[in-house]
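Please look through the sequence and the model shown here before reading the report that follows.

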Amino acid sequence: MTQDELKDAVAAAAIDEVRPYLYRDTVLGIGTGSTANCFIDRLAELRDSFKGAVASSEASAERLRRHDIAVFELNEVGSVPFYIDGADEVNAHLHMIKGGGAALTREKIVAACSELFICIADASKRVARLGAFPLPVEVIPMARSYVARELVKLGADPVYRQGVVTDNGNQIIDCFDFMIDDPVAMEARLNAIVGVVTNGLFAARGADVLFLGDTSGVERLT
Ligand code: 5RP
């Protein structure tokens, strides 16, 4: 199977997971990226069985609308029963690095409002220790250099993601060479730096269920 086929296989598994719980008033939380796109495309067939979705990015909102799935503001909705999203890395505790697509802040907000976070990923995303993927940090633009200096003090090699502006009008710094031993503590430590909007560690609120796809099939992990 190709990596795209694996992404579609885990998206299909997540569809099977949520399908029995879709009602006329159900609003789903939807993530961002190529794996989340596979889920959105499959969700289109079920559009008449639920109310709509909250999206974690403008890109996902646009894709949902193209499939005639209604998109709601999170403030109109409150909590969502499921949040379905991909990851850049995921460990055995279902802690993740996310934000490769620069959508980390909205992803973290929708995830925080979800009752069940379903992560969908191909097996290349599974790691023993988080950090080989450069950890994204969203920053208020005027704080970028200050935050970068603070990240160096923590042992990271911060690189400004040139030309990228987040949906919130902010900038991204990617932390290279930053292996993470305690994701929960590091998530809180990074968020305490003045000027940081949020960071791509999803550990305080990790995933509840992981569908991981490899050539032998899709595994459901909790
Ligand atoms: C976007 C994300 C994505 O979930 C993450 O980058 C995985 O993307 P893909 O499914 O394309 O590999 O966090 O900000």
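## The shell around the ligand

How many nonpolar, polar and charged residues does the shell around the ligand have? By class there are four nonpolar, nine polar and four charged residues, where Ala, Val, Leu, Ile, Met, Phe, Trp, Tyr, Cys and Pro count as nonpolar, Asp, Glu, Lys and Arg as charged, and the others, Gly among them, as polar. Among the 17 residues around the ligand, those that come nearest are Gly33, Thr35, Gly86, Gly100 and Gly101, a residue being near if its C-beta atom, placed from the backbone, lies within 6 Å of the molecule.

This is a predicted model, in which local features need pLDDT of at least 70 and side-chain atom pairs count only at pLDDT 80 or more, while totals for chains, interfaces and linings use all residues. Residues are numbered from 1 along each chain as its sequence is written.

Strands are DSSP runs of E with at least two residues, numbered from the N terminus.

Strand β1 (residues 27–30) runs parallel to β3 and is joined to it by two bridges, with isoleucine 30 opposite isoleucine 84. Strand β6 (residues 114–122) also pairs with β3 in the parallel sense, over five bridges, and here serine 114 is the bridge partner of valine 80. Two strands pair if DSSP finds at least two bridges between them.

Technical notes:
Helices (H or I, at least four residues) and strands (E, at least two) are DSSP runs, numbered from the N terminus.
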